[in-house]
Amino acid sequence: MTPHVVDVPVLETERLILRAPQASDFDVLAPFVMSDRANFIGGGVDKDISHAWRILAILTGHWPLRGYGVFVLVPKDGDAPIGSMGPWYPEGWPEPELSWTIWDANAEGKGYAFEAMVEIRRYAYAVLGWETAVSYIDAANARSIALAERMGCVIDADANGPDPDDVVYRHPSASEVLA
């Protein structure tokens, strides 16, 4: 039996299926969460398998609590997930965020994150009705900063992030993106 708590839309891009998190994602997510590649998202080599499970539960649980959440990316030419991205607004965040994480190091540098985030941002604006969005990025996370800038985001020095070390990148507005 597959549990079903909330309807999660399935989005598609040229190369990707963006779907709800599911238990089978754990096999790919857990090694990522317990690696140094996850340092910017609360993971790291000091984390254990139970911490990785809680991360999957958080990603999954955001959907019924907020009515939206991160999608898991699966390439159309594969069956293993490569990352999670989407609208994200945990309690205590100053404002809704568009977040991204590539779990599989082999999927980095292939444009998957950009491709997915363009569609996810359109979804957040057109379907969820967001007028603006930010991405909170650790100042040392050069790959995420490069993606934010590629997406047309600019530093919003007047906005605060959930972590004082975060740089807040403001996305182009809904009127700019949907024009």
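**Entry 1. Crossing of helix 1 and helix 2**

I looked up the crossing of helix 1 and helix 2 and recorded it as right-handed; a crossing is left-handed if the near helix is turned anticlockwise from the far one by less than a right angle, and right-handed if clockwise. The model is predicted, so local features need pLDDT of at least 70 and side-chain atom pairs count only at pLDDT 80 or more, whereas totals for chains, interfaces and linings use all residues. Residues are numbered from 1 along each chain as its sequence is written, and side-chain values use heavy atoms, with hydrogens and water left out.

Helices (H or I, at least four residues) and strands (E, at least two) are DSSP runs, numbered from the N terminus. I noted that the axes of helix 1 and helix 2 come within 9 Å and cross at roughly 120°. Axes are lines fitted to C-alpha atoms, for helices over the stretch in contact, and angles run from 0 to 180 degrees between N-to-C directions. Helix 1 and helix 2 are therefore oblique to each other; angles under 35 degrees count as roughly parallel, over 145 as roughly antiparallel, 65 to 115 as roughly perpendicular and the rest as oblique.

I then listed the residues that meet, contact being heavy atoms within 4.5 Å. From helix 1 these are Phe26, Leu29, Ala30 and Val33, and from helix 2 they are Ile49, His51, Ala52, Trp53, Ile55, Leu56 and Leu59.

**Entry 2. Buried side of helix 1**

Which residues of helix 1 are buried? I found Phe26, Leu29, Ala30, Phe32 and Val33. Buried means under 20% relative accessible area, exposed over 50%, and partly exposed in between (1.4 Å probe, protein chains only).

**Entry 3. Helix 4**

I repeated the look-up for helix 4, where the buried residues are Ser144, Ile145, Leu147 and Ala148. Seen down the axis of helix 4, these fall within an arc of 160°, so they line one face of the helix. They pack against strand 5, helix 3, strand 6 (134-138) and strand 8 (166-170). On the other side of helix 4, I recorded Ala142, Arg143 and Arg150 as exposed. Gly152 follows helix 4 and has a positive phi, near 90°.

**Entry 4. Salt bridges**

How many salt bridges does the structure hold? I noted 10, a salt bridge being a side-chain nitrogen of Lys or Arg within 4 Å of a carboxyl oxygen of Asp or Glu.

One of them joins the side chains of Arg37 and Glu108 at 2.6 Å, N to O. Arg37 lies in the loop between helix 1 (26-33) and helix 2 (49-66), and Glu108 in the loop between strand 5 (97-102) and helix 3 (112-126), so the pair ties together parts that are 71 residues apart in sequence. Arg37 is partly exposed at 28% relative accessibility, and Glu108 is partly exposed with a relative accessible area of 28%.

Glu108 also forms a salt bridge with Arg143, with the closest N and O atoms 3.6 Å apart. This pair links distant parts of the chain, 35 residues apart, with Arg143 in helix 4 (residues 142-150). Arg143 is exposed, at a relative accessible area of 52%. Through shared partners, salt bridges join Arg37, Glu108 and Arg143 into one network.

Asp25 is buried, with a relative accessible area of 0%, and Arg19 is buried at 13%.

I placed Val72 in strand 3 (residues 71-75) and recorded it as buried, with a relative accessible area of 0%. Excluding residues up to four places away in sequence, Val72 touches Ile17, Leu18, Arg19, Ala20, Pro21, Asp25, Pro81, Gly83, Ser84 and Trp103.

Where does Glu95 lie? I found Glu95 in the loop between strand 4 (83-88) and strand 5. Glu95 is buried, with a relative accessible area of 19%. Its contacts, again excluding residues up to four places away in sequence, are Tyr89, Thr132, Val134, Tyr136, Ala159 and Arg170.

Conventions: The arc is that of the directions from the helix axis to the C-beta atoms.
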